[in-house]
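Reader: I have this model open and would like to go through its side-chain contacts with you. Could you tell me what each label rests on as we go?

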Amino acid sequence: MELRIMNPEELRAAYGRDLVEAFPPAELKPLSVMERMREQGIYDPLGLFDGAGEPIGYILLWKHPDGRYILIDYLCVPAGRRNGGIGGKLLAMVRGRYPSDTVFIGETEAPTGDPAADALILRRMEFYRRNGAAFLGYDCALFGVHFKTICWAERLPVEDEILRCHQEIYLRQFGPERYRRYIQLPLAPGEALRPLCDWTEKPEE
C-alpha cells in the first residue's frame with residue numbers, strides 16, 4: 001500500500017465517487033474550495049492506494065500556517081472497502097508521514113439523542129478511541145452540525161493552545177464575518193446550534 005498526495009484528477013475522482021457518498025452536504029466542502037486550498041499549500045489530500053494502484057482510502061488534511069497543527073478534514077474509506085481495518089491503517093500511516101511533534105486535530109459528530117442516528121455516531125467515536133484519539137474538553141459546531149473534538153499527539157499540548165490553533169485554521173480561511181456566521185468554536189455548553197446549512201460558502205480571497 002502507498003499513501004501519497006493525490007493529483008488533481010485523482011482528487012476530483014475521489015470527490016465525485018466516494019466523498020459525496022460518505023458525507024452529507026452540511027459536512028462536505030465544495031471540491032473547488034479543496035482545490036484552492038491545495039494551491040495555497042495548506043491542504044494535503046492523501047490517498048491510500050493498493051498494489052494495483054486502486055484507491056482504498058482517503059485522509060484529507062488542512063494545515064495550520066505553522067505546519068505543526070493539522071486538522072483531519074476528512075477520513076473516508078470507499079463503501080466496498082469498509083470494515084477491513086483501512087481507517088485505522090490510514091490514521092497510523094499519516095502520523096508516520098509527518099514530523100513527530102505534529103498535532104492532529106479531528107472532529108467527530110456528537111450524539112444527537114436520536115437512537116437510530118446515534119448508533120453509527122457512537123461506533124465512529126469508539127473507532128477513534130481504539131485508534132488512540134484523545135477526546136478534548138471542548139466541542140464545536142460547523143454549519144449547524146455539532147462535533148466532538150479529538151486529538152493525536154506524542155505529547156498533548158495544553159488545550160488552550162490546541163483550541164487557538166483550531167480556531168485560526170478556520171478563521172484564516174473564512175475571515176471574521178463568515179467565521180462568526182457559520183463556526184461555533186468552541187461550542188459553549190447549552191449553546192444553541194446555528195441553522196443547519198450546506199458548506200457552500202467560498203473562503204475569503
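Reader: How many aromatic pairs does a search of the whole structure find?

Author: The search finds 8 aromatic pairs. A pair here means rings of Phe, Tyr and Trp (its six-membered ring) with centres within 6.5 Å; planes under 30 degrees apart count as stacked, over 60 as edge-to-face and the rest as tilted. This is a predicted model, where local features need pLDDT of at least 70, side-chain atom pairs count only at pLDDT 80 or more, and totals for chains, interfaces and linings use all residues. Residues are numbered from 1 along each chain as its sequence is written, and side-chain values use heavy atoms, leaving out hydrogens and water.

Reader: Why is the pair of Y98 and F104 called edge-to-face?

Author: Their ring centres are 6.0 Å apart and the planes stand at 80 degrees, so the pair is edge-to-face.

Reader: What makes F104 buried or exposed?

Author: Buried means under 20% relative accessible area, exposed over 50%, and partly exposed in between (1.4 Å probe, protein chains only). F104 has a relative accessible area of 2%, so it is buried. Y98, at 15%, counts as buried too.

Reader: And why is the pair of Y128 and W152 edge-to-face?

Author: The centres of these rings lie 5.8 Å apart with planes at 70 degrees, so the pair is edge-to-face. Y128 sits in helix 4 (residues 115–130) and W152 in strand 7 (residues 145–152), 24 residues apart. Helices (H or I, at least four residues) and strands (E, at least two) are DSSP runs, numbered from the N terminus. Both Y128 and W152 are buried.

Reader: What makes the contact of K29 with D73 a salt bridge?

Author: A salt bridge needs a side-chain nitrogen of Lys or Arg within 4 Å of a carboxyl oxygen of Asp or Glu. The closest N and O atoms of K29 and D73 are 2.6 Å apart, and the two form a salt bridge. K29 lies in the loop between helix 1 (8–22) and helix 2 (31–39) and D73 in strand 4 (residues 69–76), so the pair ties together parts 44 residues apart in sequence. K29 is buried, with a relative accessible area of 0%, and D73 counts as buried at 11%.

Reader: How do you know whether D139 and K148 are buried or partly exposed?

Author: D139 has a relative accessible area of 14%, so it is buried. K148 stands at 25%, so it counts as partly exposed. These two form a salt bridge as well, their closest N and O atoms being 3.3 Å apart.
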